[in-house]
Amino acid sequence: MTNHVPIIALDGPSGSGKGVVANFLSTQYEFHLLDSGALYRLVGIAARRTSIALENLPLDEAVLGEIARSLDVAFTSTNNPEDPLEIMLFGEQVGHEVRTDEAGVDASRVASLPAVRDGLFELQRSFRQAPGLVADGRDMGTVVFPEADVKIYLTASAEARAERRYNQLIDKGIGVNLHDLFQSIQARDERDMNRSVSPLAPAEDAFVIDSTDMDIEEVLQNVKAIVTEKLG
């Protein structure tokens, strides 16, 4: 089918290495890249900028849904492995703000709201453009792109993910507590896996890779073998 635009859906919990794998695949195949997790982080950032306190429950779902629907976001590849995406929100560079742990926690909070997920659904679908798309997230293969040509679910133990994140931040000169990171990841997993809408789980036809005892090169080799088998 000449007009077919292939999709590689990459799902998994926070800190499992999806971003590294997604950028690797995007470069290898020269596909567009969707960091769907960034969209939820951007909703949280936009909400904070309108003075919405996301730790105060219950959240105003209608207001947050409207923020999601009106989100103006652009991703641009930088070809820099340390900071591979330039992320613009309403014309402002927010890449570093998006990657903070606070933004991740806010993303998990707003992602549980059906109105927010509905607001972002069509935006995510619009990223499917030739020659192809690598979609990185938590429900890419189950909800947003159930027709994806390749579905990979990348996971690792909470302990391993916390340690990786700790080392990343320490290498950047950012002071952080390993125990606090571990607790934050556990809490985020609990929210993501037990939410009523689109809970985090592998698609039935996804290839599951547990990277707990793998280094990044092993992960990339496994992923490349899967994608090569499916796409050639």
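Helix α3 (residues 61–69) and helix α6 (residues 114–125) have axes that come within 8 Å and cross at roughly 15°. That makes α3 roughly parallel to α6, where roughly parallel is the class for angles under 35 degrees, roughly antiparallel for those over 145, roughly perpendicular for 65 to 115, and oblique for the rest. The axes are lines fitted to C-alpha atoms, for helices over the stretch in contact, and the angles run from 0 to 180 degrees between N-to-C directions. Helices (H or I, at least four residues) and strands (E, at least two) are DSSP runs numbered from the N terminus.

The model is predicted: local features need pLDDT of at least 70, side-chain atom pairs count only at pLDDT 80 or more, and totals for chains, interfaces and linings use all residues. Residues are numbered from 1 along each chain as its sequence is written, and side-chain values use heavy atoms, with hydrogens and water left out.

The crossing of α3 and α6 is right-handed; a crossing is right-handed if the near helix is turned clockwise from the far one by less than a right angle, and left-handed if anticlockwise. On the α3 side, Glu61, Leu64, Gly65, Ala68 and Arg69 meet Pro114, Ala115, Val116, Gly119 and Leu120 of α6, contact meaning heavy atoms within 4.5 Å. The contact of α3 with α6 has 6 nonpolar, 2 polar and 2 charged residues. In this scheme Ala, Val, Leu, Ile, Met, Phe, Trp, Tyr, Cys and Pro are nonpolar, Asp, Glu, Lys and Arg are charged, and the others, Gly among them, are polar.

Helices α5 and α9 pack at about 20°, their axes 9 Å apart. That makes α5 roughly parallel to α9, and their crossing is left-handed. Asp101, Gly104, Val105, Ser108 and Arg109 of α5 make the contact with Leu181, Ser184, Arg188, Arg191 and Asp192 of α9. By class, this contact of α5 with α9 has 2 nonpolar, 3 polar and 5 charged residues.

For helix α1 (residues 18–29) and helix α10 (residues 216–231), the packing angle is about 50° and the axes are 11 Å apart. That makes α1 oblique to α10. The crossing of α1 and α10 is right-handed. Val20, Val21, Phe24, Leu25, Gln28 and Tyr29 in α1 meet Ile216, Val219, Leu220, Val223, Lys224, Val227 and Thr228 in α10. The contact of α1 with α10 divides into 10 nonpolar, 2 polar and 1 charged.

The largest cavity holds about 170 Å³ of space; grid points are joined across faces, edges and corners, and a volume is the space filled by probe spheres set on the points. Its lining consists of 15 residues, with Gly37, Tyr40, Ala107, Ala111 and Arg138 nearest the centre; lining residues have an atom within 4 Å of a point. At least two lining residues come from each of α2 (36–49), α5 (101–111) and α9 (178–194). By class, the lining of the largest cavity has 3 nonpolar, 5 polar and 7 charged residues.

The backbone remains. Most residues other than glycine have a negative phi, and most peptide bonds are trans. Serine 51 has a positive phi, near 65°, and is placed in the loop between α2 and α3. Proline 58 is found in the loop between α2 and α3, and a cis peptide bond with omega of about 0° joins leucine 57 to proline 58. Another cis peptide bond, with omega of about 10°, joins alanine 130 and proline 131; proline 131 is in the loop between α6 and β6 (133–137).

How values were computed
1 Å grid on protein atoms, 1.4 Å probe; cavity = no way out; pocket = protein on both sides within 12 Å on 5 of 7 lines; lining within 4 Å.
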